[in-house]
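Please open the model in your viewer and keep the sequence panel beside it.

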Amino acid sequence: MLADDLLTGLNPEQAEAVRSSEGPLLVLAGAGSGKTRVLTQRIAWLVGVNGLAPESLLAVTFTNKAAGEMRERVEKLLGMDARGVWLSTFHSSCVRILRREIEALGRERNFVIYDEADSRAAVKQALARHELPASAADARRMRWQIDQWKNRGQDPEQARSERDDLYTRRAAEVYESYQRLLREANALDFGDLLLLTVELFDRHPEVLTAYRERWQYLLVDEYQDTNRVQYRLVKQLAGGHRNLCVVGDPDQSIYAWRGADIKNILDFERDFPDAKVVKLERNYRSTQRILSASTAVINNNTGRPQKNMITDRGDGEKLILYEARDDRDEAQYVVRDIMEAALQGRSLGQCAVFYRTNAQSRTFEEELLKYDVPYVVVGGVRFYDRAEVKDALAWLRVLLNPADNQALRRIVNRPPRGIGKTTIARADALSDACRGSLLEAMRLLLQRGEAGRAASKVRAFIALLDELAAELPELGPADALARVLERSGYQPALEKERTPESEARLENLRELLTGAEDFEDANANEASDERSPCARFLDQVSLVSDVDTANFDEQRVSLMTVHAAKGLEFELVWLVGMEEGLFPLHATESDTEQMEEERRLCYVGMTRAMEKLCLCYALERRRYGSHSFSAPSRFLSELPREELEVKGVRRAPALPGSHVADGERRYDYSFEQHAEDAGAEGAGGIAAGVRVRHRIYGAGTVLKVEGKGPRQKLSVRFDHAGVKKLVLRYANLELI
């Protein structure tokens with residue numbers, strides 16, 4: 001392959017990143033700067049120009065979808081099969097390593113991978129063992145705490161020594177019990193996949209050496225999103241040859257809440273003093289106005305590498321800033337705007353609405369439904385999280401790993417087979433006492449004659465499991481699932497219901513079978529590494545992420561959180577809910593690091609837009625069953641005024657004046673002046689009995705006045721809306 005072929009169309013910085021093959025390399029890739037192209041061209045360069053064997057490369061990214069797209073591009077560039085390259089996510093790579101090597105840690109190869117629901121169920125069991133509250137909310141909080149410890153590489157003992165307080169001690173005890181439950185079930189959660197791989201390499205240097213010698217070159221995408229365990233893993237594997245290329249953007253580090261540590265990328269040059277640094281500062285996605293506005297926002301963060309992002313896409317149209325009366329007006333404006341864009345020939349699939357929290361989708365969904373505009377909520381219930389799909393997969397899990405208690409609990413009465421809660425409770429107690437699996441405990445109940453009236457049902461259930469387990473080694477995943485669904489009675493039970501819901505569930509099961517067939521076709525020639533096709537299929541399903549299953553469609557508007565938008569791009573973007581307390585969230589106000597992450601999140605949302613960006617905020621929003629009044633987001637005050645066209649309730653002339661900061665004219669969106677305008681004439685005269693008018697609630701009578709100054713509150717009985725409590729500075733009241 002000619003080197004010039006791989007450099008064609010690359011800018012000088014991209015070409016430098018592709019050619020720099022030896023030693024540590026940090027590629028600071030700004031938003032929309034073509035980093036995926038650089039990564040794929042670099043892999044092709046190492047194989048096609050430097051003559052490296054594909055098996056000598058490990059390339060790690062954060063989603064299976066990204067890994068698949070990169071593999072396709074590499075194969076197209078090289079004109080050959082690139083399966084030899086380990087191109088996968090961190091978790092997928094660790095699963096493959098552990099399937100081969102985990103016995104060195106005294107564990108079994110046929111471990112099952114627990115998803116979030118399985119993990120929460122195990123946490124509830126651990127909480128119950130310690131006689132602590134075990135509600136769904138308690139389990140979620142404790143699961144999050146355990147996950148944070150694992151992301152930092154801390155085992156229960158290290159977690160216990162982190163702080164000497166009652167909560168930490170109890171949480172560490174629950175963590176220890178949770179780990180014991182996982183081990184008894186021969187299960188690993190996502191954190192364990194990384195932790196055990198690092199432990200494997202620490203305890204068995206000869207294993208680490210073998211993998212170091214195999215992978216002479218490492219490439220890591222989205223390095224700003226790695227946690228401390230992933231950082232340790234990368235350092236372990238690159239410790240010999242040091243041929244490590246990491247690509248990322250500190251300005252897009254938005255996952256601290258799930259363990260990502262921005263210091264990993266910021267400290268790369270400290271870890272590798274001889275590292276070459278290449279900055280990709282040419283944006284191929286957005287117009288200059290979108291780029292200038294988003295850069296103005298992110299420049300308010302400190303301690304970040306400076307980048308001078310430019311684009312060849314022209315200035316583009318001004319950003320729209322829409323001030324809505326309330327959240328309903330916000331949704332109506334956005335949907336009208338989308339419909340206008342569609343009438344002008346825009347594809348609905350290139351329209352996206354981003355919000356900070358999932359709950360905000362409701363008003364937009366209602367408005368889209370009202371006008372029959374098709375849409376998709378990205379990050380809703382994943383296909384593999386649907387009840388019937390999880391039920392079918394749970395059968396395979398139990399057949400492959402009889403110690404999987406969570407899967408057994410799921411299938412024991414689906415469909416109903418007369419094994420009641422009392423029988424399961426007896427088996428649970430026996431399982432705890434004997435430190436054995438739930439299935440072993442059920443067998444023991446039968447032997448002891450303690451299964452009661454359910455004995456025949458338990459015996460039939462166990463016999464069915466044994467028969468299916470004996471047949472499983474000869475079957476691929478599609479045939480195994482089809483047999484399980486029929487023989488268990490699951491599919492016939494749904495067919496008998498003859499309801500729209502049961503038909504939808506059957507359709508999902510058919511889709512699951514199709515997915516299993518596709519897996520068989522795609523992996524027909526892959527070495528099994530001693531695992532059955534069913535086991536490999538379950539591994540793949542366990543590692544699928546929300547982004548991997550997101551269903552984008554040219555004929556549907558996409559609704560999603562800003563977090564879910566990472567890595568995507570749309571021609572037209574509406575970034576909504578831009579209010580203090582919502583974006584940024586209230587919880588971040590007193591924490592500088594969290595506030596900077598919120599600003600990075602805003603930057604990510606803005607830089608998804610290619611041609612049009614509209615930012616919206618509401619003067620009044622209904623949250624948690626009551627009305628709230630918030631100031632516009634501080635991020636709006638960081639935007640250059642000359643890049644904006646202001647629309648909505650208060651148009652540009654009525655808004656507070658602009659001011660100059662850092663030599664750049666910006667707009668001040670605080671409500672101070674507006675509050676004075678609204679209340680200056682009547683503030684001194686506002687008292688109980690005064691008649692006032694609110695632009696939404698209409699006319700009313702002041703019942704009570706509390707406090708003084710900007711926090712003064714009023715209780716007003718409106719003629720048609722009842723009694724409302726308002727903050728005077730935000731209420732915009734008119735004296736009647």
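Begin by selecting Glu 503, which is partly exposed, with a relative accessible area of 40%; here buried means under 20% relative accessible area, exposed over 50%, and partly exposed in between, computed with a 1.4 Å probe on protein chains only. Show Arg 510 as well, since the side chains of Arg 510 and Glu 503 meet in a salt bridge at 3.1 Å, N to O, where a salt bridge is a side-chain nitrogen of Lys or Arg within 4 Å of a carboxyl oxygen of Asp or Glu. Arg 510 also counts as partly exposed, at 39% relative accessibility.

Before going further, note that this is a predicted model, in which local features need pLDDT of at least 70 and side-chain atom pairs count only at pLDDT 80 or more, while totals for chains, interfaces and linings use all residues. Residues are numbered from 1 along each chain as its sequence is written, and side-chain values use heavy atoms, with hydrogens and water left out.

**More charged pairs**

Side chains of opposite charge can pair when their charged atoms come close. Arg 409 and Asp 428 form one through their side chains, at 2.4 Å, N to O. This pair links distant parts of the chain, with Arg 409 in helix H19 (residues 405-411) and Asp 428 in helix H20 (residues 421-434), 19 residues apart; helices (H or I, at least four residues) and strands (E, at least two) are DSSP runs numbered from the N terminus. Arg 409 is partly exposed, with a relative accessible area of 25%.

Next select Arg 109 and Glu 103, whose side chains meet in a salt bridge at 3.8 Å, N to O; Arg 109 is partly exposed, at 27% relative accessibility. Then select Lys 35, Asp 221, Glu 222, Asp 225 and Lys 566 together, which are linked in a network of salt bridges.

**The parallel sheet**

Zoom in on strand E6 (residues 217-220) and strand E7 (residues 244-248), which pair in the parallel sense over three bridges; the bridge partner of Val 220 in E7 is Val 246.

Ser 56 can be picked out in the loop between helix H3 (35-48) and E2. Ser 56 is buried, at 14% relative accessibility, and, leaving aside neighbours within four places in sequence, Ser 56 is in contact (heavy atoms within 4.5 Å) with Arg 214, Trp 215, Gln 216 and Tyr 217.

**The nonpolar cores**

A nonpolar core is a set of buried Ala, Val, Leu, Ile, Met, Phe, Trp, Tyr and Cys residues joined through side-chain atoms within 4.5 Å. Of the 53 residues in the largest one, Phe 461, Leu 465, Leu 512 and Phe 537 touch the most other members, and helix H18 (residues 387-400) contributes the largest share, eight residues. Centre the view on Leu 512, which touches Phe 383, Tyr 384, Val 389, Ala 392, Leu 393, Leu 481 and Phe 537, not counting residues up to four places away in sequence. Apart from this core lies another, of 42 residues, among them Val 60, Val 198, Phe 201 and Ala 275.

**The antiparallel sheet**

Finally, colour the open sheet of five strands with antiparallel pairing, whose order is E24-E23-E22-E21-E25. Strand E24 (722-727) and strand E25 (734-735) stand at the edges, each with a single partner strand, so one side of each has no neighbour in the sheet. Six bridges join strand E22 (residues 698-706) to strand E23 (residues 713-718), and Val 702 stands opposite Val 716 in E23.

Definitions and conventions. Two strands pair if DSSP finds at least two bridges between them.
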